[in-house]
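Subject: A structure for you to look at

Hi there,

Here is the structure I promised to pass on. Please have a look at it first, and then read my notes.

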Amino acid sequence: MRATWKLHLLTAFLLLFHGAGGDDWSGDYSKLSGIIIPGLASTQLRAWSILDCPYSPLDFNPLDLVWLDTTKLLSAVNCWLKCMLLDPHNQTDHPDCKSRPDSGLSAITELDPGYITGPLSSVWKEWVKWCIEFGIEANAIIAVPYDWRLSPSMLEERDLYFHKLKLTFETALKLRGGPSVVFAHSLGNHVFRYFLEWLKLEIAPKHYVKWLDDHIHAYFAVGAPLLGASETVKGTLSGLTFGLPISEGTARLMVNSFASTLWMLPFSQYCKGENKYWNHFSGGEERGHQTYHCENREFQLNFSGWPTNIVNIEIPATRGYEAYPSVTDMAATNFSSVECGLPTQLSFSAREIADGTLFKAIEDYDPDMKRILYQLKKLYLDDPVLNPLSPWERPPLKNIFCIYGTGLKTEVGYYFAPSGKPYPDNWIITDVIYEIEGSLFSRSGNLVEGNPGAASGDETVPYHSLSWCKNWLGPKVNITRSPQSEHDGSHVQEELNVEHRHEEDILPNMIRLPRVKYITYFEDSESIPGRRTAVWEIDKANHRNIVRSPVLMRELWLQMWHDIHPDAKSKFVTKAKRGPLRNEDCYWDYGKARCAWAEYCEYRYVFGDVHLGQSCRLKNSRADLLSNYL
């Protein structure tokens, strides 16, 4: 019976490739492909040079790990930096050392393999283990690592990344006979967005949607910073260490040499950039450069729709300051009386960051701003394929699942002041504004006025940016809230056919029990024919660790199982009940002195078990384990 159960489970999950809308690949489980696009700093980089490191026994040789090798980072930080840094103007490698992204699944599972460092740097390893446990074939899971230091245009120019990604989809279809499921995390979602726009210029318009339907069955957008992230500005002005044992000044030098840093700048939902190519194709007048076009709401509402101004910065009052009339006018508006010679505090919204106003205002006080302005204009605002610093409308894909964490303390704004030190330590953060469960607080704990959202973000990306994908939902939405842990359905709450207006958040009228973590599902009740959208909000799911979350993996697999099953009765998997799916989900109930979930689990000791919970395993006779989820 146990063999029968495994056969049913294996067949169920491998049948994923027979998604809704499939044609001649219907019913053949062997046709699945899963394509993983990792996030920022989530791909190994390896040396492609020979670099002798003086005063250190450790040198860099071809194929040595650079990102991430903490041993060499600690023993030869200057050598390590040479292999990480890029030229800030043309994004070429350091003259003494170059690094390139690794390939294959090993490049994204653990960044720094080792007994201690491996678990600390694990990214997609747990995800791959789930795939193996449920019987997915090795060639069905395809990682598409990229050099996360580069801007989108440089990814294509140097590495032909988007050409290769297109070939990856086409090869998967040719090899396995079915479309792929895309899993993108964090910056990987911006990479995928750029790919979809780049593809429009490679494929005839009348074949574009058909290519997407043939090659992509579903898109899982995990932790997508759809309107950018405030933390990007923090990294640009004061440094972001990624938890590494380096100073913030060193981190700033490194991060600001990467053009990709600007890819996740926060921007306004009310401003869009022109596209020279599509303007030309549509018969419009071609302009010499791209510009931002903002709706009236951008100027009528505060903070560009964000909870607060993202940057508040003190700058010295000098004669050169009048060279920037737009900034002078802003200062005159906010501070009607400024004493001569005293620092002036300026505030900047998301729009004023994305269009370069912030960097122009402090150009005279920071030598790095000219470089940032150059990269911002050349590589983003004037990008011929897409200005990424503009809101993303729903892509024309059949199935989209937008998944992110909520309810964590997340940085949304900063106060900067001159430190009196030379670059790169010339700015210090004097205060931080956090969003916490619908309120704004400063670092000192004081309540801050603003426009907080209904929830807070995932500790890295604010809720306002994560939840933008709710605008992709249809005019009527079904909302379900259920506990994250296994449950019998007694605490599941539902609201059906809730009216949804574009650019307005959807707020469920549901209760929350203390100390219970929930998942809230927003799913299309009405949608475009052949298109389906869902948004999952997972309580307390951290941005960096969400791809390792067992709760996410369980829901993902159940949804895919539902999609491919011929007896499925609804568009989305039922939320009425959640039972154990793996032996790891069974545990010992000390109150009842037996294994919990007796319907699914039983006590069965195996040599090597060290506690009672380990001996709780799924029953042999449950061949219809997944039948409850149709």
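Residues are numbered from 1 along each chain as its sequence is written, and side-chain values use heavy atoms, with hydrogens and water left out.

The chain averages a pLDDT (the predictor's confidence in each residue, from 0 to 100) of 86, and 87% of the residues score at least 70. Over residues 1-29 the pLDDT is below 50, and it is also below 50 over residues 319-339. Where pLDDT is low, the predicted coordinates should not be read in detail.

Now the overall picture. The protein chain has 20 helices and 23 strands (DSSP runs, H or I of at least four residues for helices and E of at least two for strands, numbered from the N terminus). Of its 630 residues, 56% count as buried (under 20% relative accessible area, with exposed over 50% and partly exposed in between, using a 1.4 Å probe and protein chains only).

Next, the disulfides (pairs of cysteine sulfur atoms within 2.5 Å). The whole structure holds six of them. Cys53 and Cys79 form one, with sulfur atoms 2.3 Å apart. The torsion about their S-S bond is about -130 degrees, so this disulfide is left-handed. Both of these cysteines are buried. Another disulfide joins Cys271 to Cys294, at 2.0 Å from S to S. Cys271 lies in strand E8 (residues 271-273) and Cys294 in strand E9 (residues 292-294), so the pair ties together parts that are 23 residues apart in sequence. Cys271 counts as buried at 2% relative accessibility, whereas Cys294 is partly exposed at 25%.

Last, the aromatic rings. A search finds 28 aromatic pairs (rings of Phe, Tyr and Trp, the last by its six-membered ring, with centres within 6.5 Å; planes under 30 degrees apart are stacked, over 60 edge-to-face, and the rest tilted). Phe183 and Phe220 make a stacked pair, 5.3 Å centre to centre with 15 degrees between the planes. Phe183 is in strand E6 and Phe220 in strand E7, 37 residues apart, and both are buried. Ring pairs also link a cluster that includes Tyr146, Trp198 and Trp472.

Happy exploring!

Best wishes

Terms used
This is a predicted model: local features need pLDDT of at least 70, side-chain atom pairs count only at pLDDT 80 or more; totals for chains, interfaces and linings use all residues. Contact means heavy atoms within 4.5 Å.
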